[in-house]
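Dear colleague,

Please find the structure below, handed over for your reference. My notes on it follow.

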Amino acid sequence: MTKLLVLFHSFYGDVYRLAEAVREGAASTGAQVLVKQVPEIVPQHVLEASGAAEAKKSFAHIEMATVDELPAYDGIAFGTGTRFGSMTASMRSFFEQTGQIWLQGKLINKAAMVFVGTGTGGGRETTVVSSWFTLAHHGMVIVPLGYRDMELRSAVEIHGGSPYGAGVMQRAEPPRPSQLELSLARQHGKAWAEVAAKLAGPAR
């Protein structure tokens with residue numbers, strides 16, 4: 001059975017809810033899928049001032065991942081908010097600790113995908129693509145969302161998805177993620193899991 005990890009960083013819960021949808025899509029293929037979050041490095045007083053400290057309580061039960069466990073998975077999905085067109089500091093900090101894993105090539109040929117959350121829509125595509133640079137250095141096989149689900153082309157509502165990856169537009173109406181955004185995340189998760197299974201090969 002393919003073993004997958006959905007790893008996220010979320011301030012207000014939107015990226016976490018998207019992570020759960022990615023998990024659902026991946027699990028529909030028969031894979032074993034875990035959802036974990038990266039440790040927070042933003043100071044507590046900053047989280048409190050922004051309202052994130054209270055919001056984080058809703059997913060405080062989600063286990064923290066460790067860098068050392070990453071090689072145990074056949075594929076990893078990375079979810080992050082956007083910060084000036086790039087991933088959050090907490091997700092970057094987690095990546096910065098993977099030097100030994102990179103040196104040993106332990107993530108080579110493992111399937112990866114990136115999904116994002118953005119407040120205004122700005123930076124969502126650059127965050128996904130700039131995250132790919134790090135994944136490429138690890139030799140991971142990147143799985144974009146593409147136009148697997150033609151709902152991605154919908155102009156009926158504002159949404160955070162793109163052909164690069166699933167996403168959530170956090171400040172749009174109605175409350176997010178929308179049903180469309182969740183559907184796209186499930187489709188992306190399913191596609192990622194299917195590629196991971198092919199790369200992992202026959203059951204060991």
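Which helices and strands each supply at least two residues of the lining of the largest pocket? They are α1 (14-27), α2 (44-50), β3 (75-83) and β5 (111-118). Helices (H or I, at least four residues) and strands (E, at least two) are DSSP runs, numbered from the N terminus.

Before the details, a note on the source. This is a predicted model, in which local features need pLDDT of at least 70 and side-chain atom pairs count only at pLDDT 80 or more, while totals for chains, interfaces and linings use all residues. Residues are numbered from 1 along each chain as its sequence is written, and side-chain values use heavy atoms, with hydrogens and water left out.

The largest pocket
A pocket is an open set of points on a 1 Å grid over the protein atoms alone, where a 1.4 Å probe fits, with protein on both sides within 12 Å along at least five of seven lines; lining residues have an atom within 4 Å of a point. The largest pocket holds about 410 Å³ of space, a volume being the space filled by probe spheres set on the points, which are joined across faces, edges and corners. Its lining comprises 24 residues, and F11, Y12, T82, R83 and Q170 lie nearest the centre. By class, 13 of the lining residues are polar, eight nonpolar and three charged (Asp, Glu, Lys and Arg count as charged; Ala, Val, Leu, Ile, Met, Phe, Trp, Tyr, Cys and Pro as nonpolar; the others, Gly among them, as polar).

The loop between α3 and β3
Both E69 and A60 are found in this loop. E69 counts as buried because its relative accessibility is 16%, whereas A60, at 55%, counts as exposed (buried means under 20% relative accessible area, exposed over 50%, partly exposed in between, with a 1.4 Å probe and protein chains only). Leaving aside neighbours within four places in sequence, E69 is in contact (heavy atoms within 4.5 Å) with K36 and M64.

The nonpolar cores
A nonpolar core is a set of buried Ala, Val, Leu, Ile, Met, Phe, Trp, Tyr and Cys residues joined through side-chain atoms within 4.5 Å. The largest has 28 residues, of which L4, V6, F8, V22, A77, F115 and W192 touch the most other members. Its largest share, seven residues, comes from α1. A second, separate core of 22 residues includes A65, A112, V116 and M140.
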